[in-house]
Amino acid sequence: MDERFDMVVIGSGPAGEKAAAQAAYFGHRVAIVERERSPGGAAVKNAGIPTKTLRETALYVTGFRQRDVYGVGLQLEPHTALMHLRSRTEQVVETMTAAVADNIARHGIELICGMGTLGPDRSVLVECDDGGTRRLQANVILIATGSRPFHPPGISFDDPDVLDSENVIGVERPFRSVVVVGGGPVGCEYASIFAALGVTVTLVDAAPRLLPFMDAEISNLAATSFRDMGMRVLLEAGQASVARDAGGLRVTLASGETLCPEKILFAAGRAGNTETLGLARAGIKTDERGRVLVDERFRTTAEGVYAAGDVIGPPALASVSMEQGRVAACHAFGIPFKQTVDPLPTFGVYSIPEVAMVGLTEEAAAARGIDYEVGRAWFAHNTRATIAGATEGVLKLVFRRDDRSLLGVHILGGSAAELIHQGQAVLHFGGTIDYFIHTTFNVPTESEAYKYAAYDGLQRQARSST
């Protein structure tokens, strides 16, 4: 017999969990279908949270930031370091998985473990873990199945030393060298984590610079920071090919250079998890990477079926996915609560050092024909950063020259992902860089860099006007 729900969500990652909670909070009967045995999706299990935990653990167990400040650092035996990394990651994953499960239960949402497939007349057929089958009928279906690492054709991921951004979490033995293919957020995060741990790292990308969506100056400074860590960064390197012979892995670059690492990690984007959903049969269109096409309300091409999160493509940020799920639920049920996703989301890359941005880059402002200026504050001149031994990087403001309206904020530094939100707030209320001039910041703080970046911007504006 059919089981009736107001909403059935397929997938319990950030988009699915928050969409379900939003609908349930406003009194709707909701079920979540999750193919894994525990909820949370890739963000909790093998992507966002594990990567960030590895980063913090690596910094802690190596004393990375204190090496130059105090002249000391931990030299753990590799197996011991790996044990600490895996143990701490497992602890955090367990804690956050429990938090997601508690939130689902608190909202009275039914969590069904099994593989969901779209059926006729707005139904979801679930092959349950216990071997049974359930048919769920819904007024609204939300697809939030997330994504997985994209596997470039011609690369054998059956080789235990050829890794992607998910199975790298499960590496059981330490290694001394790695080639990371991909200069996007995931590639930069893992490459810098490995470098902090003392691994010999070569970061390879076909683009002319790392993190191409970021401000060019910040991207170039990030590459410089990586090189200063001892990492080799190869840009415009073309497509890498991988082979194995008696000597081990061989990574051949377009230049003809051959690298011989112990491991190779591909971080070349992600693809939507849609193959088993029966989308074509349901009349739902996707792009060439299997990502679901939606409109501004997150409606698919099938009546009553919505999609949100990584499964619809960029920006593929957990923070944005959560908002997409909430907005989709509000549109689906006419809930007058949240109608649009924030047009000014922050972007954070949890590399060492961190990179973050919000608003327009210099390049975007120039492309729009905006007469702009910039102001910078270098963390090498910031008292709190000096005390903490985190003096790498810069806070950069992009603003209109005529009225000093803030256009964008770009940060490279130890706390970039936290600091960026102050700039986001000013952008949201349409403020000028004068806000930072007139605001009193605690001293010493890294936030104080906003004030000195604004002062620098005013001085540059004055000099260019004379």
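How do β17 and β18 pair, and over how many bridges? The two strands pair in the antiparallel sense over three bridges, where pairing requires at least two DSSP bridges between strands. The model is predicted: local features need pLDDT of at least 70 and side-chain atom pairs count only at pLDDT 80 or more, whereas totals for chains, interfaces and linings use all residues. Residues are numbered from 1 along each chain as its sequence is written, and side-chain values use heavy atoms, without hydrogens and water. Helices (H or I, at least four residues) and strands (E, at least two) are DSSP runs, numbered from the N terminus.

Within this pair, Val349 stands opposite Val355 in β18. Both strands belong to an open, antiparallel sheet of five strands in the order β17-β18-β21-β20-β19. Because β17 (347-349) and β19 (372-378) each have a single partner strand, one side of each edge strand is left without a neighbour in the sheet. The twist averages 10° from one strand to the next. Angles run from 0 to 180 degrees between N-to-C directions, with axes fitted to C-alpha atoms, for helices over the stretch in contact. Helix α7 (residues 216-228) lies across β18, β19, β20 (394-400) and β21, and runs at about 0° to β21.

Gly430, with a positive phi near 65°, follows α12.

Notes. Contact means heavy atoms within 4.5 Å.
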